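Welcome! Here is a guided look at one protein chain, taken a region at a time. Have the sequence and the model open as you read.

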Amino acid sequence: MNFKTHVSRKNYQWVKWSRIALCSALVGIVVGLLTLMFKTLVEQYEHLLLHKAKDFQLFFIVFPFIGLALIYVLRQFVFNKKKNKGISEVLEAVQSKKKIPSYKVLSHFFNGFLTVVFGGTTGIEVSTVVATATLGDMASRKDVIFKKYRKEFIGAAIASGVTILFCSPLAGLFFSYETIRKQKTKVFWITHILSVAFATAILFLMNVHPLVDLSQYVHDWKYEALPFFIVLSMLSGVYGVYMTKVVTYSKKASFFEHRPLLQLLIGSIFLGSILYFLPELYGSGYHTIIQFTQKKSYILSIALLALILVIVKPFTTGLTLKLGGDGGVFAPSIFAGACLGLIVGMLTKMYFVPDVLVLNFVILGVALTVGATLHAPFTAIFLTFGIFNSYVLWLPLIALTFVSYFLSKGIFPYTVYTLSVRK
């Protein structure tokens, strides 16, 4: 029997919107708390195991095998022998109208945790996006009224998760809008605004801090640096394509396909060997961004290190995903963007504008590279504001993020996620 027959026509709209509002609020609270717990847990254990590895460097080689082996066991005996496919899973579910299996919540939270804390060079952002999308899908099944608004609830849950990850409600809203599904319905705005509002309340109540608070260090920017900002935007646009193609190639590279355990052993040892020589790549790499932003002075060797990290990062990310690790190019884009900005900023300071602030380039590099890699410029802009808690660069950041975005999309119109679901 249709729901409308149970209430008068006069009350139907009130019941409908009140239920949607209540469910949206619950989604924001549940997703916000779960994401915050997940984020805190991963950060603590990643920090712990990284320091263990620095004290005994052979752990850099051992840890990736342990993490990826545990993921393999979970996949074989708990999660239906299916690899996680990242945001592509959400895009496929939205396009095909198929349900996202409920086990994907635990699958992505467990696998994301094991991937990052044991050194896999991805991040928890994609794990969070898929897990929260699953929660949104599950919420849409709880009431007959919600079924036609499934996409809105999926997007609202994702927006809440991203809000918590980057301390930025606008990053959450725009990520859902730009990446999952562009829509402007009343239900879209109500579900998203309410869920993000409650997630934001959790940020304030739990006193969550940004990744790197540069609000007291970045006070202005020099107009003489503008040409070099433009150079950085063009480099970021090209690099977005480079990351997309290298990660995609690395994920599809064929070696020991019919012997998965041997593939896991050899691949994880190779990944661990890279971490042995480049521990800056360990896990999400956010610890490296913090180190770079805390440097009192910069030398050429740091620029060389950053260049190596920029080149190698997509290979290690693709390899991690190839071996069954959970994640995507969200965190790698942030990491690579910071390194790319550091390189351009240091070269500018050393050879062209001596009094330029290198931190400005680091901030810009993140926004420009994320916008180019994800094809989500508004997400990149507000995500960067949330990460660094600095708004001084708002004008060049907004303008140049669109430059890198259009350049990247003009060269190659797909991202890692849309490439895997194109028909």
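## A first stop: S168

Is S168 buried or exposed? S168 counts as buried because its relative accessibility is 6%; buried means under 20% relative accessible area, exposed over 50%, and partly exposed in between, with a 1.4 Å probe and protein chains only. You can find S168 in the loop between α6 and α7 (169-180); helices here are DSSP runs of H or I with at least four residues, strands are runs of E with at least two, and both are numbered from the N terminus. Setting aside neighbours within four places in sequence, S168 is in contact with T163, L203, F382, L383 and G386, where contact means heavy atoms within 4.5 Å.

A word on the model itself: it is predicted, so local features need pLDDT of at least 70 and side-chain atom pairs count only at pLDDT 80 or more, while totals for chains, interfaces and linings use all residues. Residues are numbered from 1 along each chain as its sequence is written, and side-chain values use heavy atoms, with hydrogens and water left out.

## The chain as a whole

The protein chain has 17 helices and 0 strands. Its C-alpha atoms fill a box of roughly 75 × 55 × 40 Å, taken along the principal axes.

Buried residues make up 58% of the 423 residues in the chain. Among contacts with a separation of 6 or more, 82% are between residues 24 or more positions apart.

## The largest pocket

Next, look for empty space. Rolling a probe the size of a water molecule over the atoms shows where such space is left. On a 1 Å grid over the protein atoms alone, a cavity is a set of points where a 1.4 Å probe fits but cannot get out, and a pocket is an open set with protein on both sides within 12 Å along at least five of seven lines; lining residues have an atom within 4 Å of a point. Grid points are joined across faces, edges and corners, and a volume is the space filled by probe spheres set on the points.

The largest pocket has a volume of about 650 Å³. Its lining has 28 residues, and E43, E46, L211, Y286 and I290 lie nearest the centre. Helix α1 gives the largest share of this lining, 10 residues. At least two lining residues come from each of α1 (9-55), α6 (150-166), α11 (286-293) and α15 (377-388). By class, the pocket lining divides into 14 nonpolar, 9 polar and 5 charged residues; Ala, Val, Leu, Ile, Met, Phe, Trp, Tyr, Cys and Pro count as nonpolar, Asp, Glu, Lys and Arg as charged, and the others, Gly among them, as polar.

## The largest cavity

How many cavities of 30 Å³ or more does a search of the whole structure find? The search finds 3. The largest cavity holds about 50 Å³ of space, and residues lining it include K85, K251, L321 and Y417. Helices α3 (87-96) and α17 (416-421) each supply at least two residues of this cavity lining, which has 5 nonpolar, 4 polar and 2 charged residues.

## Two buried residues

T134 sits in helix α5 (residues 125-140) and is buried, with a relative accessible area of 0%. The T134 side chain reaches the backbone oxygen of V130 at 2.8 Å. Beyond neighbours within four places in sequence, T134 is in contact with I100, P101, S102, K104 and V105.

F79 belongs to the loop between α2 (59-77) and α3, and is buried at 4% relative accessible area. Neighbours within four places aside, F79 is in contact with L74, Y103, L106, S107, F110 and N111. The C-alpha atoms of F79 and I411, 332 residues apart along the chain, are separated by 38 Å.

## Loops around α9

Finally, visit the loop between α8 (186-205) and α9 (226-252), where you will find Y223. Y223 counts as exposed because its relative accessibility is 64%. Y223 and V356 are 133 residues apart in sequence and 9.6 Å apart in space, C-alpha to C-alpha.

N207 is also in the loop between α8 and α9, and is exposed at 52% relative accessible area. Phi of N207 is near 55 degrees, a positive value in a residue other than glycine. F256, in the loop between α9 and α10 (260-277), has a positive phi of about 50 degrees although it is not a glycine. With a relative accessible area of 39%, F256 is partly exposed.

Definitions and conventions:
Polar contact = N/O pair within 3.5 Å; in protein donor to acceptor, adjacent residues only side chain to side chain.
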